[in-house]
Amino acid sequence: MPTPTKAAPAENPRALARARKRRSIARFWREYRSHRSGLWGLAALALIALIALFAPQLVGADSQSVTDAPGGALESPSGEFPLGTDQFGRSVLALLVWGTRVSLTVGLLAAFLCVAIGTVVGIVAGHFHGWYSTVLMRITDWFLVMPTLVLATALATVMDRSMWTVVIAIGVTTWPTTARLVRAQTLAVESRPYIERARALGGGHGHIMVRHVLPNVMPLVLAQTTLVISSAILTEATLAFLGLSDPTTTSWGGMLQEASEAGAVSAGHWWYLAPPGIAIAVVALAFTLCGRAIESVLNPKLGVAR
């Protein structure tokens, strides 16, 4: 008589969920690696992030000091100062390294605020109907048609000149595009049958938006975040160039503003103008390449070139 076999123990649901997430991440990375441009962008961002993280060890904490500047005013590039000096005799290379911290921090925080506002507005406007959605979308349309830079400049003018002012000014004026994209995705998600089943089983508005809609719009939000960061860094540089950022911190836009005030354009001191401008362009391009690669992985129908 055959011996009865023991039933296999039921696997832990949390372990299954973790295994599913690991497989999803591995599949995402495998597909992302097939995009050469995305890898180049990721490598550039990793290098820039390391420079920002180890800035004090690379150039020294006193390299921003005006009173202890090691060189003369507006010296051309040399062995001691590879990118020359500014009008106070400080190394432009050291200022460029320090500016990486502020520019990346402002770009990331402003993009997070922008995407957070846009995601909340988009999900609420897509989930609720009637006057709720109408009011939210009319507000979104108003922000969308107004020039972002003008709104950010006006907001930064009436607030204190600090890094947080720039973050708030960028975040609260650049969310409409994200809100419209998320709303469209929310409408598509809520038309699926499992949403009707969730409602039939007694799921409330909060349950449906948080447990069903939000996870399905997160891939779009992730791709949008990488694209928003590049525009946030450009906007921060513009506000700093206009003199609306914190004058006590060093940023790439602030370096351009100081170079303009020092007459670097008319005097031909290219080493003072070119490095921060190139750095802004490289970071914006790197985030854009990563964003396009992520968007292509999450939505293969786009057919983004690899």
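Arg138 is partly exposed at 47% relative accessibility, where buried means under 20% relative accessible area, exposed over 50% and partly exposed in between, with a 1.4 Å probe and protein chains only. Its side chain forms a salt bridge with Asp141, the closest N and O atoms being 2.8 Å apart; a salt bridge is taken here as a side-chain nitrogen of Lys or Arg within 4 Å of a carboxyl oxygen of Asp or Glu. This is a predicted model, in which local features need pLDDT of at least 70 and side-chain atom pairs count only at pLDDT 80 or more, while totals for chains, interfaces and linings use all residues. Residues are numbered from 1 along each chain as its sequence is written, and side-chain values use heavy atoms, with hydrogens and water left out.

**Helix 5**

- Asp141 and Arg138 are three residues apart in helix 5 (residues 131–145), and are therefore separated by about one helical turn; helices (H or I, at least four residues) and strands (E, at least two) are DSSP runs, numbered from the N terminus.
- Ser133, Met137, Thr140 and Asp141 are the buried residues of helix 5.
- These buried residues fall within an arc of 100 degrees when helix 5 is seen down its axis, so they line one face of the helix; the arc is that of the directions from the helix axis to the C-beta atoms.
- The cover over the buried residues of helix 5 includes helix 4 and helix 8 (176–190), with contact meaning heavy atoms within 4.5 Å.

**Salt bridges around Arg90**

- Side chains of opposite charge can pair when their charged atoms come close.
- The whole structure holds six salt bridges, and a network of them links Asp86, Arg90 and Glu258.
- In the pair formed by Arg90 and Asp86, the closest N and O atoms are 2.8 Å apart; Arg90 is buried at 5% relative accessibility, and Asp86 is buried at 0%.
- Arg90 also meets the side chain of Glu258 in a salt bridge at 3.5 Å, N to O.
- Because Glu258 lies in helix 11 (residues 252–261) and Arg90 in the loop between helix 3 and helix 4, this pair ties together parts that are 168 residues apart in sequence.
- Glu258 is partly exposed, with a relative accessible area of 23%.

- Helix 2 (residues 36–53) has 18 residues and reaches 26 Å from its first C-alpha to its last, close to the 26 Å expected at 1.5 Å a residue.
- Gly38, Gly41, Leu45, Ile48 and Ala52 are buried in helix 2.
- Seen down the axis of helix 2, its buried residues fall within an arc of 95 degrees, so they line one face of the helix.
- The face of helix 2 turned away from that buried side carries the exposed residues Arg36, Trp40 and Leu47.
- The buried residues of helix 2 pack against helix 1 (13–32), helix 3 (55–59), helix 4 (92–127) and helix 13 (270–298).
- In helix 7 (residues 163–171), the buried residues are Thr165, Val166, Val167, Ala169, Ile170 and Gly171, and what covers them includes helix 4, helix 6 (148–158) and helix 10 (205–241).

**Pocket and cavity**

- On a 1 Å grid over the protein atoms alone, a cavity is a set of points where a 1.4 Å probe fits but cannot get out, and a pocket is an open set with protein on both sides within 12 Å along at least five of seven lines; lining residues have an atom within 4 Å of a point.
- Grid points are joined across faces, edges and corners, and a volume is the space filled by probe spheres set on the points.
- The largest pocket holds about 530 Å³ of space, and of the 13 residues that line it, the closest to its centre are Ser24, Ile25, Arg27, Pro219 and Leu298.
- Helix 1, helix 10 and helix 13 are the elements that give two or more residues to the lining of the largest pocket, and helix 1 gives the most, with eight residues.
- The search finds one cavity of 30 Å³ or more, and the largest cavity has a volume of about 40 Å³.
- Residues lining the largest cavity include Val102, Val106, Met163, Val166 and Glu236, with helix 4 and helix 7 each supplying at least two residues of the lining.

**A backbone detail**

- Most residues other than glycine have a negative phi.
- Phi of Leu74 is near 50 degrees, a positive value in a residue other than glycine.
- Leu74 is placed in the loop between helix 3 and helix 4, and is partly exposed at 22% relative accessibility.

Terms used
Expected span 1.5 Å × (residues − 1).
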